[in-house]
Amino acid sequence: MKFSKLYAPTTKDAPKDATLPSHQFLVRAGFISQVGSGLYNFLPMGKIVLDKIRTIVKEEMDATGAQEIQMGVVSPAELWKQSGRYDVFGKELCRIKDRKENEFVLGPTHEEVVVDVVRNRINSYKQLPLHLYQITTKFRDEARPRFGLLRGREFIMKDGYSFHEDEASMKAEFEVMEQTYTNIFNRLGLDFRAVEADSGAIGGSGSKEFMVLAQNGEDDIVVCEQCSYAANIEAAKRAPKITTLEAPEANLSKFKTPDMKTIEDVCNFFKVDAFYSIKAVVKKAIYIDKEEVVVFFVRGNDELQETKAQNACAALDLVDASLEEVERAGLKAGFIGPVGLECVKFYIDLELKEAKSLICGANETDYHMVGVGMFNFKEERYADLVAVKEGDICACCGGRLGITKGIEVGHIFQLGQKYAKAMGATFLDKNGKAQPFYMGCYGVGVSRLVAVMIEASHDEKGCIWNKQTAPYLLDIIVSNSKDEAQSAYAEEIYSALKQERLSVLLDDRNERFGFKMKDYELIGLPYALIVGKELEEGFVEIVERKSLEKTVVKKEEALARLQ
Ligand code: ATP
Ligand code: MG
Ligand code: MG
Ligand code: MG
């Protein structure tokens, strides 16, 4: 493509509301233009990038056997009423009426429509599993459309929907999709994590988000520094099941405990799922409200009791982090101790509050400590003896957890039978019995990814595209377009590279070199070939956009260097 013909209206100034680099640079470099709040057009270079991403997504989806379809942007409200989402989806769902007052919606996602696509057409388990997907425009009337393509109201999503005869088949496809998404984001060269997530308005049980790690992300994600554990902060916070113990003084007999030798014994006794160990609390300290939490350590009334209590805790694996570690995590430490033989009263030995007491269990002689508690100062409520099997801090190796910002680029869900049941979509199983489908659904933010590529890779001068997504691989910049030798050489190498099927831009505009170079840096193609004065001596320059390093090469060698 010759720059003199390319429609790429580059500008010096970014739109006033553009705060993020991707928004600023994509507009300034002429990839996109805004037509309304959250509404964008893709100009020629933007369209090339979009299509490249779309192609990667399509190739990876097709490789799994999923089949591409295309559903309409407008769908009848009736389908949304059947699923029950017409009322609950909220204002993001754009509702419209036709001239006859029939109600429609602009599809923000297509579970309802795709159920209608297979309903009464897939009749037997023999036709399952089936996975249909599309790459199309969605409309969500976002409360705060912003950040350019990152949060548009109209945007392009790849949304796939799979149908299964049972849960096992649905889960198997979920794993296939997890791998497929991993392939897609690896091919795009992005630094991402698959994180445990909430299911949001889409519903269903298991769900994972794919988050690109980026400073400007809107999502907080918790990641382990040593292993692959990662969770959306909402999911991470939700993991512990917090159970409030009844004020126990009223019922002391309840605390005459059986032998509690294992953590399960303790849990059974308190009817909680599990306890935090101190280490778990320390790890979670990065995202719990520190003001509300005190980690208790055991303190006996005398040496013997203290030893016993400490041993009990050790036996139950509860005291697995030191006072220093607790304090380093920014948490307050409190001390608790036995005050009687029949029970243990917990005292908080902090200057904050004199403690009320909480009898928290223990048997007469052996155990004087049952766990790590939290004291909720805001509500003046004791020890929601808290949660969690170590397993809940999943999958994690026990390494340090940190919070990082992420941009959601994909989301996969196990929907179960929710939609099929609500919409009466059934098939005949092996026994000839009608069953609702099990479903999965899987989204990729295709247009959002265009911006994500730049959030992940830019400098103060502009975009830095990688080869997988760049609109062109190379910009041939003629330093002085009035110089015939320069123009002739540039044309020659431009044709040769095109013959080799490389995508090349030739900046043949009658502009100053500095102006063209600025545009090159703003647009951010992987390489530039500068044809300047040195051509007289037989040399040209190759620039790598990422490092802005220049290499002088013999003009005969330029072609080979660029292939
Ligand atoms: P977000 O949390 O960012 O609002 P979402 O969870 O509502 O996204 P999903 O329903 O999971 O989005 O849709 C699948 C994918 O579509 C998302 O992972 C995201 O990449 C993309 N997407 C969602 N909303 C938008 C939007 N307003 N603009 C651009 N892409 C979007
Ligand atoms: Mg959303
Ligand atoms: Mg989300
Ligand atoms: Mg989502």
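Student: What makes the largest nonpolar core a core, and which of its 105 residues touch the most other members?
Tutor: A nonpolar core is a set of buried Ala, Val, Leu, Ile, Met, Phe, Trp, Tyr and Cys residues joined through C-beta atoms within 7 Å. Buried means that 20 or more other C-beta atoms lie within 10 Å of a residue's own, with C-beta atoms placed from the backbone. Met 439, Leu 474, Ile 476, Leu 525 and Leu 529 touch the most other members. H13 gives the most to this core, eight residues.

Tutor: This is a predicted model, where local features need pLDDT of at least 70, side-chain atom pairs count only at pLDDT 80 or more, and totals for chains, interfaces and linings use all residues. Residues are numbered from 1 along each chain as its sequence is written, while chains are lettered from A and ligands numbered from 1 in the order in which they are written.

Student: Why is H1 called roughly perpendicular to H13?
Tutor: H1 (residues 21-28) and H13 (residues 446-456) pack at about 110°, with axes 8 Å apart. Roughly perpendicular covers 65 to 115 degrees. So H1 is roughly perpendicular to H13.

Student: Which residues of H1 make the contact?
Tutor: Pro 21, Ser 22, His 23, Phe 25 and Leu 26. Contact means C-beta atoms, placed from the backbone, within 7 Å.

Student: How many residues surround ligand 1?
Tutor: There are 17, and the closest are Phe 155, His 411, Gly 443, Gly 445 and Arg 448. The largest share, four residues, comes from E17.

Notes: Axes are lines fitted to C-alpha atoms, for helices over the stretch in contact, and angles run from 0 to 180 degrees between N-to-C directions. Helices (H or I, at least four residues) and strands (E, at least two) are DSSP runs, numbered from the N terminus. Angles under 35 degrees count as roughly parallel, over 145 as roughly antiparallel, 65 to 115 as roughly perpendicular and the rest as oblique. Two residues are in contact if their C-beta atoms, placed from the backbone, lie within 7 Å. A residue is near a molecule or strand if its C-beta atom, placed from the backbone, lies within 6 Å of it. A residue is buried if 20 or more other C-beta atoms lie within 10 Å of its own, exposed if 12 or fewer, and partly exposed in between; C-beta atoms are placed from the backbone.
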